[in-house]
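Hi,

Here is the structure I promised to send over. Have a look at it first, then read my notes below.

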Amino acid sequence: MSVPVPLEELPQAVERFGSNPYIVTVGADGRPRATSVTVRWHKDLLMLGAGRRTAENVEANEQVALLWPAPVPGEHALIVDGWAAVYDSPETNRVVFVQPGKAVLHVSKGP
């Protein structure tokens with residue numbers, strides 16, 4: 001079951017779930033990859049550090065998902081779908097900015 005999270009309420013939801021989601025990216029070869037990251041807000045964007053493979057995948061396919069697992073089994077997880085871009089500079093190293101497009105709280109029902 002999914003419950004929409006209005007984007008204007010997303011900062012509070014992220015604060016509640018913490019700063020360490022997984023980012024799910026898809027490379028040019030179509031293979032998905034999930035990586036643990038640390039995020040923080042930069043204006044209306046989520047910013048995270050990026051390794052080589054995450055950056056390559058984002059450059060190949062800008063659509064990403066961020067997933068905060070449920071803190072306790074049976075509770076909601078937070079899922080944010082969005083678009084990402086890689087930014088590389090001497091001041092920040094390599095970072096990925098994510099523009100959230102949709103957010104939901106999701107809990108799986110049992111079999």
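Let's start with Arg-52, which counts as exposed because its relative accessibility is 52% and the cut-off for exposed is over 50%. Keep in mind while you look around that this is a predicted model.

So which residue does Arg-52 pair up with in a salt bridge? The partner is Glu-56, and the closest N and O atoms of the two are 3.3 Å apart. Both residues sit in helix H2, which covers residues 52-60. They are four residues apart there, about one turn of the helix. Glu-56 has a relative accessible area of 41%, so this residue is partly exposed.

Arg-31 and Asp-29 join their side chains in a salt bridge, at 2.9 Å from N to O. Are these two buried or exposed? Arg-31 is exposed, at 59% relative accessibility, and Asp-29 is exposed too, with a relative accessible area of 51%.

Then there is the salt bridge between the side chains of Arg-94 and Asp-88, where the N to O distance is 4.0 Å. In this pair, Arg-94 is partly exposed, because its relative accessibility is 30%, while Asp-88 counts as exposed at a relative accessible area of 53%.

Cheers

Key:
Residues numbered from 1 in each chain as written. Predicted model: local features only at pLDDT ≥ 70, side-chain atom pairs only at ≥ 80, totals over all residues. Heavy atoms only, no water. Buried < 20%, exposed > 50% of the residue type's maximum accessible area, 1.4 Å probe, protein only. Helix = DSSP H or I, 4+ residues; strand = E, 2+ residues; numbered from the N terminus.
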